[in-house]
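Morning, everyone. Let me put today's chain on the screen, and then we will walk through it.

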Amino acid sequence: MNTTISTTSKNSGIALDSAAPGEYLAFRLGAEQYAIDILRVQEIRSYEQPTRLAHAPDFIKGVIDLRGRIVPILDLRIKLQCAEVAYNDFTVVIILDIGTSVIGAVVDSVADVVSLAPELIKPAPQFETQGDVDPSFVQGIANVDGRMLILMDINALLSHEEIGLVETTATA
């Protein structure tokens, strides 16, 4: 298993479809394992209590100062309506490059980086939006070393419209 998790990959600007081969960062939310395109991952940090913002949605835990840039931190367990899990030493924040924004996503733990060939990625069954994960956020499902990985479309899940973040064009 490849356990190298530090990365400084930047958004290449290349649109990847759900069947494109590539590397994915696997992480855990409760009992389930998810994976996201490694090209969206800017860095992985240990969890630190963010500064809470008034009137923010419940899944927005607050903001942190990341080298002079204010980054919103959201808890993916709450966003995906998973069971609440206590924060512990394995809880991390994945700093993600989402288009014009940088967003931190709290996850229970990071597993590894996996390479997935297109034939390993199967389409996800489409259900009504009543479960933990809206099917429109799922790119596919892969079985890797006996574990099921749910591949998330992190751009759709954390889009400005989806999380209620007002897009700004000014940069510091």
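A word on the source. This is a predicted model, where local features need pLDDT of at least 70, side-chain atom pairs count only at pLDDT 80 or more, and totals for chains, interfaces and linings use all residues. Residues are numbered from 1 along each chain as its sequence is written, and side-chain values use heavy atoms, with hydrogens and water left out.

Back to Q81. Its phi is positive, near 60°, and Q81 is not a glycine. Q81 sits in the loop between α1 (76–79) and β6 (92–98). Helices here are DSSP runs of H or I with at least four residues, strands are runs of E with at least two, and both are numbered from the N terminus.

H55 is another such case. This non-glycine residue has a positive phi of about 65°. Its loop runs between β3 (41–46) and β4 (60–66). H55 counts as exposed because its relative accessibility is 84%.

Now the whole chain. It has 3 helices and 11 strands. From the N terminus the order is β-β-β-β-β-α-β-β-β-β-β-β-α-α. Of the 172 residues, 47% count as buried. The chain exposes about 9,400 Å², and carbon and sulfur atoms supply 53% of that. Those areas come from the Shrake-Rupley method with a 1.4 Å probe. Take contacts, meaning heavy atoms within 4.5 Å. Among contacts with a separation of 6 or more, 57% join residues 24 or more positions apart.

Two strands pair if DSSP finds at least two bridges between them. As background, strands of a sheet pair through backbone hydrogen bonds, either parallel or antiparallel.

Look at β1, residues 22–29. It runs antiparallel to β8, residues 109–116, with 7 bridges. G22 is bridged to L116 in β8. R28 has S109 as its partner in β8. On β2, residues 32–37, β1 has 6 bridges, again antiparallel. There the partner of R28 is Q33. The β1 and β2 hairpin has 2 residues between the strands, and G30 takes a positive phi near 65° in it.

How many cavities of 30 Å³ or more does the structure hold? The count is 1. A cavity is a set of points, on a 1 Å grid over the protein atoms alone, where a 1.4 Å probe fits but cannot get out; lining residues have an atom within 4 Å of a point. The largest cavity has about 30 Å³ of space. Its lining is R45, S46, E48, I64, I73 and V93. By class that lining has 3 nonpolar, 1 polar and 2 charged residues. Here Ala, Val, Leu, Ile, Met, Phe, Trp, Tyr, Cys and Pro are nonpolar, Asp, Glu, Lys and Arg are charged, and the others, Gly among them, are polar.

Terms used:
Buried means under 20% relative accessible area, exposed over 50%, partly exposed in between (1.4 Å probe, protein chains only). On a 1 Å grid over the protein atoms alone, a cavity is a set of points where a 1.4 Å probe fits but cannot get out, and a pocket is an open set with protein on both sides within 12 Å along at least five of seven lines; lining residues have an atom within 4 Å of a point. Grid points are joined across faces, edges and corners, and a volume is the space filled by probe spheres set on the points.
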